[in-house]
Amino acid sequence: MNRRSDSATGDDTSTSPLAASPAGPAGSTGPAGSSRPTSRDVAERAGVSQATVSLVLRDRWRGRVSPARAEEVREAALELGYRPNLAARRLRSGGTGTVLLVVPALTNEFFARVHAGAAAVAAERGMSVVLFPSPEGIGPAPDPFASAGATLDGVIASSMASHALRALRGGGLPLVMLDSDPEDSEAAATVNPDVPEGLRRVGRYLLEVGHRRIVHLAADIDTWTFRARGRALEAELAAAGRSLAGRARAVLDVREAAVVAEGLLSARPRPTAVVCDDDVLAAGACKAARRTGLRVPEDLSVTGVDDLALATAVEPELTTVRLPAEEMGGAGMRALLEVLAGGTPGTRVLPVRFVPRGSTGPVPTGAG
């Protein structure tokens, strides 16, 4: 086989401790007798060139290598316990292989799923994702780059308040925004779930089953995504000649949401449906209904957004809008990689799904 050196394909064949981590059984070696397997070993095992190995393991094979052959290369690498020399690759590219993911809070399952999606794509490229949580869910600490800025390739920020982005924009690194204002001129790319369509679908459904006194329990956080939810719900009702019967804001906390929702439910005539910006708020609204002697959904319909595990843990289960958190994280990571490669990915909008469950039903008889 006419083999080319790895330096021509971007993979390092060094057998130094930095070259690879032994992913196979303890003491395994490549067929060439080296202490660690190299890309040459993978090429020989799969019966392909080193260039093909490089294309497959860098996930650049589509359109150049058949899916069957790509799978053979991956299997050969797995059998041999081969991993690319990431340190050498990063020295050549000038990158560090590390991305900062800034999220409002680590305690929210949604952002854990965003991280999982971003980390999975990063791992395919031999990169890592560092999480940077924000206090109070509204913004990062004053300087997220104080300890990590010199070792980062770029930043992904999800669902951030506008004022919280100042430090990120001042970091001098490519910035990809998730669930954020697509008109932000300082973002290199934006990936958004179609939350406006999700809220329009909620409003349409409630109108279809007869609800007319609909209130909105909004998140008390000044971000684009929550503003977009409120605007979309109002627009859907307006298109049907209706308007909200009331609105109140609460932080993302079940107990506080319950207190605020009780205030909404005290109005006369009483609302028949509560549209919540988030599943956590919806759980609070359900708690408020029980406290005031209302049955869900017989007396009051409740909807959320996100489709967290909480949505199916409460009884009745929540009608909600499922946001593609993992897909959003993965798409954000791909967008950042494209920016780092000199591309201009622009804005991408991901579809959402309306999930009707037991917390909603027809308007109570005589309450339309």
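α9 crosses α10 in a right-handed way; a crossing is right-handed if the near helix is turned clockwise from the far one by less than a right angle, and left-handed if anticlockwise. On the α9 side, the residues making the contact are V254, A257, A258, V259, A261, E262 and L265, and on the α10 side they are V280, L281, A283, G284, A285, K287, A288, A289 and R291. Contact here means heavy atoms within 4.5 Å. By class, these residues come to 12 nonpolar, 1 polar and 3 charged.

Before going on, a word on what you're looking at. This is a predicted model, in which local features need pLDDT of at least 70, side-chain atom pairs count only at pLDDT 80 or more, and totals for chains, interfaces and linings use all residues. Residues are numbered from 1 along each chain as its sequence is written, and side-chain values use heavy atoms, with hydrogens and water left out. Axes are lines fitted to C-alpha atoms, for helices over the stretch in contact, and the angles run from 0 to 180 degrees between N-to-C directions. Ala, Val, Leu, Ile, Met, Phe, Trp, Tyr, Cys and Pro count as nonpolar, Asp, Glu, Lys and Arg as charged, and the others, Gly among them, as polar.

Now go back towards the start of the chain. Helix α1 (residues 39–46) has S39, D41, V42, A43 and A46 as its buried residues, where buried means under 20% relative accessible area (over 50% is exposed, in between is partly exposed, with a 1.4 Å probe and protein chains only). Among the elements covering them are α2 (50–57) and α3 (67–80). Just past the end of α1, G47 has a positive phi of about 70°.

The angle between α2 and α3 is about 90°, and their axes are 9 Å apart. That puts α2 roughly perpendicular to α3. T52, V53, V56 and L57 of α2 meet A70, V73, R74 and A77 of α3. This contact is made of 6 nonpolar, 1 polar and 1 charged residues.

One more helix pair is worth a stop. Helices α5 (residues 109–124) and α12 (residues 325–340) have axes that come within 6 Å and cross at roughly 45°. That angle makes α5 oblique to α12. The crossing of α5 past α12 is right-handed. From α5, the residues F110, R113, V114, G117, A118, V121 and A122 touch A325, E326, M328, G329, G330, M333, R334 and L337 of α12. Sorted by class, that contact has 9 nonpolar, 3 polar and 3 charged residues.

What sits inside? Nonpolar side chains tend to be buried together in soluble globular proteins. A nonpolar core is a set of buried Ala, Val, Leu, Ile, Met, Phe, Trp, Tyr and Cys residues joined through side-chain atoms within 4.5 Å. The largest one here has 45 residues, and F110, I156, I214 and M333 have the most contacts inside it. At least two residues of this core come from each of β1 (98–103), α5, β4, β5, α7 (195–208), α8 (224–239), β8 and α12. The largest share, 7 residues, belongs to α12.

Most residues other than glycine have a negative phi, and most peptide bonds are trans. D179, though not a glycine, has a positive phi of about 50°. You'll find D179 in the loop between β4 (175–178) and β5 (189–193), where D179 is buried at 3% relative accessibility. Beyond its neighbours within four places in sequence, D179 is in contact with residues including S159, N192, W224, R229 and M328. D306 has a positive phi too, near 120°, and lies in the loop between β9 (301–303) and α11. D306 is also buried, with a relative accessible area of 4%.

Then there are the cis bonds. One joins R268 and P269, with omega about 0°, and P269 is in the loop between α9 (254–265) and β8 (273–276). Another runs from E315 to P316, with omega near 0°; P316 lies in the loop between α11 (310–313) and β10 (320–322).

Methods
Helices (H or I, at least four residues) and strands (E, at least two) are DSSP runs, numbered from the N terminus. Angles under 35 degrees count as roughly parallel, over 145 as roughly antiparallel, 65 to 115 as roughly perpendicular and the rest as oblique.
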